[in-house]
Amino acid sequence: MATRLAYPDVPLFRYPYTALSGEFISSALRAPALAGPTGASGMEELLARALTFTAEGTRITLEFQLGRKVSVDGADASTYGALTLDHLTLVAFLVPGTMRGHALAWDRHNNHATLLELWFGGDPAPHLREVNREIWHGMIEGGEQPAGGMHQPTARCEGRAVMWRETESGNRTVDYYPSSAFSHCVELDRMAEGRGYSVPSDYIKLTEDLYLYTRTEAEFSGLMHLYVMDANRLESVGLRLGFNGIDELEYYMFRGTGDWLGQNARFQSFADVSGDPLAMPDGPKGARRIYRPLETMDKLTPEQVSAVVAADTHVFDKPSPMAGHGLPPSPGLSGESFAIHYDDGPVIDYRFTSNDSLEWREGSGAWTTARYNAWQNMPGVFIFGHLLAGKPDHDGHIVVADLENGKATLFRGYLNTPYFANEAGAQTMFGRIVGAGIPDPGEARHERTLDLLGRSFTWEYGPGLTSMHLYSSPNTVSWIIFTPSQHGGSSWAGSGDFVKIRDELYFVRWQEEACNGTLGTILINMRTMHDSGIGYHCGENGLSMSPVGAYARHAGRVDVMQYLGEKTGGYPV
Amino acid sequence: MIEQATSRRAFLKAGALVAAPAAVLAAPAAFAADPSAARLARMEDERAIEGLVRGFLRRFNGSGDCAEFVAHAGAIRIDASVQEIREDVLDDAALDFADDGRSASWSRTAEVELLADFAGNTTLEKMARFQGQGSARSQAKRRIEAEFARTGESWTITRLALA
């Protein structure tokens, strides 16, 4: 059972967030609505007596009084917070007696404005604790008529990454913007682990310099974090609203400063800077496509896992859509025999009897025949995989063996993990290969690497099946799925591990935790920009090992080494 | 890719297959003693086969019911993802007849339209479906490879595949 903490010390997808009731939320909001958001010093008093925001489909009037009081359309007054970034003022308040609030980004140069209606969930969010939003782009009535176009969703932020530091609290986050509909955030202070999470986001272009960004920790706390950022000055003003891990309300505004980390490529056509690629214009108010992978994940007990493994196990026996652009399996191991001595682990003897059949034994145990596939995606280096029949946790070994220097690395996949028995666990082991003509590496081994930290690669597994990996921290792989317009779309992230095999050759794994349960492994050849890999998956349709292969593009690298280089990777969760 | 014995529209409708002559031709080998008559017969065979292929492709790209063009239900080996086949008219077709004139083989490059359904359970396919993308179309260069048999006064397709 996880320790109750405002910011959990377990991965957020493992934390049992409370299903808050409407009564609890209403009660928790009552006093803060009247007192206004806490946080930043120097909260501003607006001099206007009233602002009327209008946009197609909505119109509200905010009436201001001294003492930072505001009422909406004549309702009871609450206290607002206001912070200005250059000529852009962010105003935020809750509406007393409701579970609703507003945030208004008001450009005081031209009266363009974006209004976010905020409300705690139930509709469309499936959890009451999750903050919904509806976004309106419009103008403040009165004064000069706004010139130019409205604020609008944008792809202009896609690829950027910034480390933001909240001025008052000192809290730091590395914010990656790898998609136009999701973002990926690594908390540096609230959570010590250095793990990244992918959550739905909005990106609104306010001016050439200023962008409004939101993220909602859907599937986790449900909390919303939003800010207006000045991309040039790297300053921000923002609002945080929601309930943390111990169900405390966080309702504060902040100023922040950023460190520019770089920008990865984006892949829309050159002229396309449109945003919001997962919009649901015909959906109910607040609707957007929020990827909730746990809902569709098969969830099996150990007994069910045993049954499906016995009934339905597939090892490289059918084509995989994830290998449409893969290399053909290599016959290069056929006829070979060697042993792999894993450090602090087993010794596995191998006899490769054909292109796709091998015999293995552990220690002095009996030989067992298994089907395998191998790929040689750099001369002398093979990735191969097979199941170990008879192992209680249905182990699958995915091995990279460098026969020219005698080093081997194992990603061991296994089932019967504690959260969902069919969710793949993973372990990394290093070892040496002992066999005729294979050099003895002595104490040398493949090693974990930070070479890929901050890098992104796109992968095209087959026509229309494209994704991007973002290696966001030493223990996180995030994947982003492209829309048909090549916008970064939905995204998720899981535990990762990164091993250097040779120069420009890396062995990478990720676990699709609380998602699809798969262990994904790939051997990335950065010289040929091609990978070969193996997926290990168990679900209601059985246990499978299947090939992975795609063409790669290097999308770039952002420099997060100073913030994340000390974090560790490769441990089981 | 998985090869299947039927196209996207189960075009063979095998149960109703009629081994009817598909492309009528004029000349059997009786003209062997007369070279000009033999050449004429060969030209008519060539036209008959080209017409047979064109008719087959029109039907494949249209209703999909190609039963009248083929000798048996297993003759067509086209992946179910193939939606349309367009001959490359700039490429010369290769046509060879067997010595006895009873069979022939033909090939030509073609542009094919492919449809990949994202119906599987991989995470990527699930996420693509979540985004509203249930399939993807693509084009590819392939080579049509076909074999034919003379059946009485006509020709029929005994095998057709994309290489």
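Me: I'm looking at strand 27 of chain A. Which residue there is the bridge partner of His386(A)?

Reply: Start with the general idea: strands of a sheet pair through backbone hydrogen bonds, either parallel or antiparallel. Here, in a model that is predicted, His386(A) has His397(A) as its bridge partner in strand 27 of chain A.

Me: How many bridges join strand 26 of chain A to strand 27 of chain A?

Reply: Seven bridges link strand 26 (residues 381–387) with strand 27 (residues 396–402), and the two run antiparallel.

Me: And what is the order of the strands in the open sheet of chain A?

Reply: Reading across, the nine strands go 24-23-22-21-29-28-27-26-25, with antiparallel pairing. At the edges sit strand 24 (368–371) and strand 25 (373–378) of chain A, each pairing on one side only. From one strand to the next, the twist averages 25°.

Me: Which residues stand across from Ile480(A)?

Reply: Met468(A) stands opposite Ile480(A), and in strand 34 of chain A the bridge partner of Ile480(A) is Ser491(A). Strand 32 (residues 465–473) of chain A runs antiparallel to strand 33, with five bridges between them. Strand 34 (residues 488–502) is joined to strand 33 by six bridges, also antiparallel.

Me: How many residues lie between the strands in each hairpin?

Reply: Two residues separate strand 32 from strand 33 of chain A. Five separate strand 33 from strand 34, and in that turn Gln486(A) has a positive phi of about 70°.

Me: Now chain B. Which residues of helix 1 are buried?

Reply: An α-helix has 3.6 residues a turn, so residues three or four places apart point the same way. In helix 1 of chain B, the buried residues are Ala41(B), Asp45(B), Ala48(B), Ile49(B), Leu52(B), Val53(B), Phe56(B) and Phe60(B). This helix covers residues 35–61 and reaches 39 Å from its first C-alpha to its last.

Me: Why does Phe56(B) count as buried?

Reply: Phe56(B) counts as buried because it has 23 C-beta neighbours inside 10 Å, and the cut-off is 20 or more. Setting aside neighbours within four places in sequence, Phe56(B) is in contact with Cys66(B), Phe69(B) and Ile157(B).

Definitions and conventions. Residues are numbered from 1 along each chain as its sequence is written. Chains are lettered from A and ligands numbered from 1 in the order in which they are written. This is a predicted model: local features need pLDDT of at least 70, side-chain atom pairs count only at pLDDT 80 or more; totals for chains, interfaces and linings use all residues. Two strands pair if DSSP finds at least two bridges between them. Helices (H or I, at least four residues) and strands (E, at least two) are DSSP runs, numbered from the N terminus. The expected span of a helix is 1.5 Å times one less than its number of residues. A residue is buried if 20 or more other C-beta atoms lie within 10 Å of its own, exposed if 12 or fewer, and partly exposed in between; C-beta atoms are placed from the backbone. Axes are lines fitted to C-alpha atoms, for helices over the stretch in contact, and angles run from 0 to 180 degrees between N-to-C directions. Two residues are in contact if their C-beta atoms, placed from the backbone, lie within 7 Å.
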